[in-house]
Amino acid sequence: MIQRVIVLAADPDSRLQQILDVLQNDPALTARLISLANTVYYTQAKPADTLREAVERLGLDTTVSLALGFSLVTASQGNARSTGFDLQHFWQRALISAIAAQELATQRRQGNELGPVFTAALLQDIGMLALNAVDPLEYARLIGTLDDHDEIALRERTHFGADHAEVGAWLAGNWGLSAQCREWIRCSHDRPVREDAFGAGDCVMLSGRLADIWLASDGHRTLAQLAPWLSDEKQRSELLSSIQSRLPHIVALFEVTAPNAFDSPRLLMEAKQLLLDRALHLQSQLDHQSQELKALQAANWNLDRALRYDPLTQLYSRQYLLSLLETHFEEANRSSQELSMVFLDLDHFKQINDEHGHPVGDEVLKNFAGLLVELSDPDVHLGRFGGEEFMVLLPGYDRRKAADYADHICNTLRSRPLFHHRGITIQVTASVGIVSLREEGYSSPDELIHKADQRMYLSKRTGRNRVTHE
Ligand SMILES: Nc1nc2c(ncn2[C@@H]2O[C@H](COP(=O)(O)OP(=O)(O)OP(=O)(O)O)[C@@H](O)[C@H]2O)c(=O)[nH]1
C-alpha cells in the first residue's frame, strides 16, 4: 500500500482523490492521520473529520512521510528487535526531531515550510534503518549503544563509505520526495553556518540535536552544544516547552513510548554550568597562551639582542653591522648621500694579553668601546668586527669628515690611557683605514670592507698608530 502512495505522490498527474483512495484502505492509518491533523498544532476552528481534510491540512509531503513512518515502524519492528537495534529510541528521535524542526521553523518565521520541514526532520535518520537492514548484526556491532549522531555518522562513513543522512537522502529520492527535502535530509547532520538568521533547512539541521536533549544520555551537554543558535534564553525556553507539549500526542499516534519529560530548569542550569565551565576553561587556556606568548616574545627579544650586540663591549656585533652596511649602502646609492666606513685595529694587542692577562685585555677592549661611544655622534654605527678590530659606519660623512673623526680618536688614544689600575697604566694606539662610498665609487658592501681593511693594513705596515684614507 505504502509503495502505491509513494508512486502516486511522486506523480504530478495523480489526483489527491487517488491518493486518498489508497490511504483509506488502511483504517488505522486513516485514523492516525485525522488525529494528527487535529493535534494542537494543526487544529483550526473546525476539527478535521475526513481523511481529505486531514491530508489537505497536513500537506501531501507530510502525509506521505507520516504514512511512511507508520508503515516503517510496523515493518521494522520484527526485523530490528532481534539484533538489538533500538527501534523505540529511533522513532522517538525521528518524531521529536520532526516536531522540533517545525516548532523552530515557526519561531524563526519559516512558517510556510512547516510541512517539508516536518518530513525532512522525520526522515533524517531513516538511512539507519536501511543500513541496519543490510547487515543487522554488523550494524548493531558498529554503533553499539552510541547516541551521538556525529560519532555514529563517522563510523558509518568509515565502514560503509556513506553515513545515514546520505543514505536517507538517496532513499527519499527513490520515494519521489522533493529535491529540497532530499537536500535537507542529506545536510540534516551538518551545523548551520550562521548563528543569527536561519532558513528552513537549518531548522532541520538543529532538530536532531534538539531531540537529543530528551533522548541522549547527557542532554545538558547537547543543550550546551546548541547554545550558539539558541542564545536567547526566553526563545529557547519557549521552544523547549512547545516541543514538550506536543510530544505525548504525536508519540501516541505512532505507538512509541513517550520519552520522559525533561526537568527543564535543572537541564538549563546544568547546560549553563557546562557553558560557564567551558568559558572558564577557555579563559584559562587563553591566559596560559598569552603567558607563553610573552615568554616567547621575551626569549625572542633576548635572542635578537644577543645577535645584535657584542657581549663584551655592547657595541653592535659583526653580523648586525653587516646588515646595517647593506641597508646604508643601498640607501646611500638611492639618495646620492655619502657613506663612510672607518676600520680600526688596536696595535700590538697581543702584548697586552701576554703581559697583563686576558681579563685586563678585556677591560681595554671595553674601555676602547666606551671611548668610541664618547667621541661619536649618535647617528653613527659602532661595532666590534672581531677580536681587537672595530668598524664604524658613518652615514652622511664624506672622506674629510670621516678622517677628522678618525684623527680625533687616534689623538685621544695618544693622550688618554685605556687602562689605569693598581699601578698599571696601559696606553693603546690604533691603525685605521677609511673609505668613502660616493667619492671613490664602490659597487658592493664587500668591496667597501675590503678596501677599508687594505688601508688599515697599510697603516700597520707603515708604522701603525695612523689613519690611511687613500
Ligand atoms: N683579552 C682579549 N683578547 C682578545 C680578544 N679577542 C682577540 N684577542 C686577542 O687579540 C690578539 C690579537 O693579536 P694579533 O692578531 O697578533 O694582533 P696584534 O697583537 O694586535 O698586532 P697588530 O694587529 O699587528 O698590531 C690575540 O692575542 C687575541 O687573543 C678578546 O675578546 N679579549
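Thr106 lies in helix 6, where helices (H or I, at least four residues) and strands (E, at least two) are DSSP runs numbered from the N terminus. This is a predicted model, in which local features need pLDDT of at least 70 and side-chain atom pairs count only at pLDDT 80 or more, while totals for chains, interfaces and linings use all residues. Residues are numbered from 1 along each chain as its sequence is written.

Thr106 counts as partly exposed because it has 17 C-beta neighbours inside 10 Å; a residue is buried if 20 or more other C-beta atoms, placed from the backbone, lie within 10 Å of its own, exposed if 12 or fewer, and partly exposed in between. Leaving aside neighbours within four places in sequence, Thr106 is in contact with Gly111 and Leu114, contact meaning that the C-beta atoms of two residues, placed from the backbone, lie within 7 Å. The C-alpha atoms of Thr106 and Cys203 are separated by 9.6 Å, although these residues are 97 residues apart along the chain.

Glu113 is found in the loop between helix 6 (87-107) and helix 7 (114-123). Is Glu113 buried or exposed? Glu113 is buried, because 20 other C-beta atoms lie within 10 Å. Beyond its neighbours within four places in sequence, Glu113 is in contact with Ala105 and Ala200, and the C-alpha atoms of Glu113 and Ala200, 87 residues apart along the chain, are separated by 6.6 Å.

For the protein as a whole, the secondary structure comes to 22 helices and seven strands, and 38% of the 470 residues count as buried. Among contacts with a separation of 6 or more, 65% are between residues 24 or more positions apart.

Two helix pairs can be followed in detail. The axes of helix 11 (residues 164-174) and helix 12 (residues 179-186) come within 7 Å and cross at roughly 165°, the axes being lines fitted to C-alpha atoms, for helices over the stretch in contact, with angles that run from 0 to 180 degrees between N-to-C directions. Helix 11 and helix 12 are therefore roughly antiparallel to each other, a label for angles over 145 degrees, with under 35 counted as roughly parallel, 65 to 115 as roughly perpendicular and the rest as oblique. Their contact is made by Ala165, Glu166, Gly168, Ala169, Ala172 and Gly173 of helix 11 together with Cys181, Arg182, Ile185 and Arg186 of helix 12. The buried residues of helix 11 are His164, Ala165, Val167, Gly168, Ala169 and Ala172, and they pack against helix 7, helix 8 (126-134), helix 10 (149-160) and helix 12.

In the other pair, the axes of helix 2 (residues 16-23) and helix 4 (residues 51-58) come within 10 Å and cross at roughly 115°. Leu16, Leu20 and Leu23 of helix 2 make the contact with Leu51, Arg52 and Val55 of helix 4.

The ligand is surrounded by 15 residues, of which the closest are Asp347, Phe349, Lys350, Gly361 and Gly387; a residue is near a molecule or strand if its C-beta atom, placed from the backbone, lies within 6 Å of it. Strand 1 (339-346), helix 18 (349-356) and helix 19 (358-375) each supply at least two residues of this shell, and the largest share, four residues, comes from helix 19.
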